[in-house]
Amino acid sequence: MLSINEERLLERINALGETGKDADGRRVRLAASDGDKDGRDMIVSWMKDAGLEVVVDRIGNIFGIWETPENRDKAPLMVGSHIDSVIDAGKYDGCYGVIAGIEVIKTLKEQGYVPERPIVTGAFTNEEGVRYAPDMMGSLVYAGGLSAEEALAAVGTDGTILGEELKRIGYEGTVEPGFIKPYAFIELHIEQGPIMDVEGVQIGAVENLQGISWQRITIEGAANHAGTTPTALRIDAGLAAAKVNVFLRERCLQSNGKTVATVGCIEFEPNAVNVIPSKAVFTADVRNPDETKLKEEEQALADYLKELEKTDKVRIHTERLVRFEPVLFDEGIVTCIEKAAKERGFSCRRMTSGAGQDAQMIARMCPTAMIFVPSVKGISHNPAEFTPDKDLLAGANVFLDVVKDFSSAK
Ligand code: HGY
Ligand code: MN
Ligand code: MN
């Protein structure tokens, strides 16, 4: 059985992991930042080293294309992920799949394998959505779910414009997103949850992905003196925001673990130790694998906010940031992943992706599925994110087998 070049894969994960570090040594490779540019340049150099034609589309998605005169008229098999990160990130999220995509092609070429169809490996822009919403932006534009113009006009949390930043870092491409219609798409990624680690499972055959709802909620109260204002007379935006957070957690506990919710960002005005907050602006990230249930959660939150306006005498308005329905992946690819894992003697189980993924967007264009490897203790979006080398190599070799299978005549 073919095997990827273990040393090269691990070396590259570590090398890419050194890009995007801030003054405090944290990994902050936010979309279209200088750190993202450094990572992009590294990926492009590895794509060129693998002899791939490198193409950048208008939203900055990077593609490495391997085609031959004999197979160029066939729809390519596409693989890929993202290299942009959250704030103070780990080094595997997204990067592992992009590096493994290049590694698999390089290995196949080195071993003299000639695919029946082209193989394309990609790095999608702004999967995390931390600097510019929505998340999975580059793959969403690629799949036709958002216009390139709208995405390029996105205003970042730092007031920058995505299109200008892509231009500044030299990744404002000219090719129309969606220029390749893939035959199938396969993404290799870390689980970012605890299930595989707890169960001791080596390979995850990802068959579906949960729905995601992001809102920005603004609560307006009345600033007043923290010492002289009696409790009964307070119109406290900070307290109201806290109540929303508690409400969301109670809904999750009632959902027997199916619904998850996170208030990840919060800002108070005037944000002074001795002033009752006049304003609280925060985000609510709510997810559930079932569309009907996710709608129920959104309705319950909307009803609660109306209630809160009465009980706390505050004014509340919400802004939709992201709404993606749950996604079912392709059964044929999932069974191929299970078969490949079995043939290599790895334990394998079917998984739901709790995280949003580029694969959920490309699934709008073609049969798609994902391969997971374990995250120790399920930690992710945290520098302590860790996957042992043996699992990284197992995942990459199963990925190699599935890519080989899906790039040979079908
Ligand atoms: O938000 C997510 O689930 C992904 O990491 N962008
Ligand atoms: Mn990711
Ligand atoms: Mn992520």
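Author: Let's start with ligand 1: one of its nitrogen atoms is 3.2 Å from an N or O atom in the side chain of Glu127. Keep in mind that this is a predicted model.

Reader: OK, and which backbone has a polar atom 2.7 Å from an oxygen atom of ligand 1?

Author: That's Gly356, through a polar backbone atom. There's also His381: an N or O atom in its side chain is 3.4 Å from an oxygen atom of ligand 1.

Reader: How much of ligand 1 does the protein bury?

Author: The protein buries 93% of the 210 Å² that ligand 1 exposes when taken alone.

Reader: What residues surround ligand 1?

Author: Glu127, Glu128, Asp135, Met136, Trp214, Arg287, Ala355, Gly356 and His381. By type, that shell divides into 3 nonpolar, 2 polar and 4 charged residues.

Reader: Switching to metals. What coordinates the manganese ion, ligand 3?

Author: Asp93 (OD), Glu128 (OE), Glu128 (OE) and His381 (NE2) do, at 2.0 to 2.7 Å. Along the sequence, those donor residues are spaced D-x34-E-x252-H.

Reader: Where in the chain do Glu128 and His381 sit?

Author: They link distant parts of the chain, 253 residues apart. Glu128 is in the loop between β4 (119-124) and α4 (137-142), while His381 is in the loop between β14 (368-373) and α12 (389-407).

Reader: Is Glu128 buried or exposed?

Author: Buried, with a relative accessible area of 8%. His381, on the other hand, counts as partly exposed at 41% relative accessibility.

Reader: And how far apart are the manganese ions, ligand 3 and ligand 2?

Author: They're 3.5 Å apart, and Asp93 coordinates both.

Reader: New topic: strand β10. Why do you call it largely enclosed by the rest of the structure?

Author: Because 8 of its 10 residues (279-288) are buried.

Reader: Which strands does β10 pair with?

Author: Strand β7 (residues 211-220) pairs with β10 in the antiparallel sense over 10 bridges. β8 (residues 260-262) is also antiparallel to β10, over 3 bridges. Then β9 (residues 266-269) pairs with β10 in the antiparallel sense too, over 4 bridges.

Definitions and conventions
Residues are numbered from 1 along each chain as its sequence is written. Chains are lettered from A and ligands numbered from 1 in the order in which they are written. This is a predicted model: local features need pLDDT of at least 70, side-chain atom pairs count only at pLDDT 80 or more; totals for chains, interfaces and linings use all residues. Side-chain values use heavy atoms; hydrogens and water are left out. Donors are N, O and S atoms within 2.8 Å of the metal (3.2 Å for Na, K and Ca); water is not among the atoms, so sites may look incomplete. Helices (H or I, at least four residues) and strands (E, at least two) are DSSP runs, numbered from the N terminus. Buried means under 20% relative accessible area, exposed over 50%, partly exposed in between (1.4 Å probe, protein chains only). A residue is near a molecule or strand if one of its heavy atoms lies within 4 Å of it. A polar contact is a pair of N or O atoms within 3.5 Å; within protein, one must be able to donate a hydrogen and the other to accept it, and residues adjacent in sequence count only if both atoms are side-chain atoms. Accessible areas come from the Shrake-Rupley method with a 1.4 Å probe; for residues, only the protein chains shown count as cover. Ala, Val, Leu, Ile, Met, Phe, Trp, Tyr, Cys and Pro count as nonpolar, Asp, Glu, Lys and Arg as charged, and the others, Gly among them, as polar. Two strands pair if DSSP finds at least two bridges between them.
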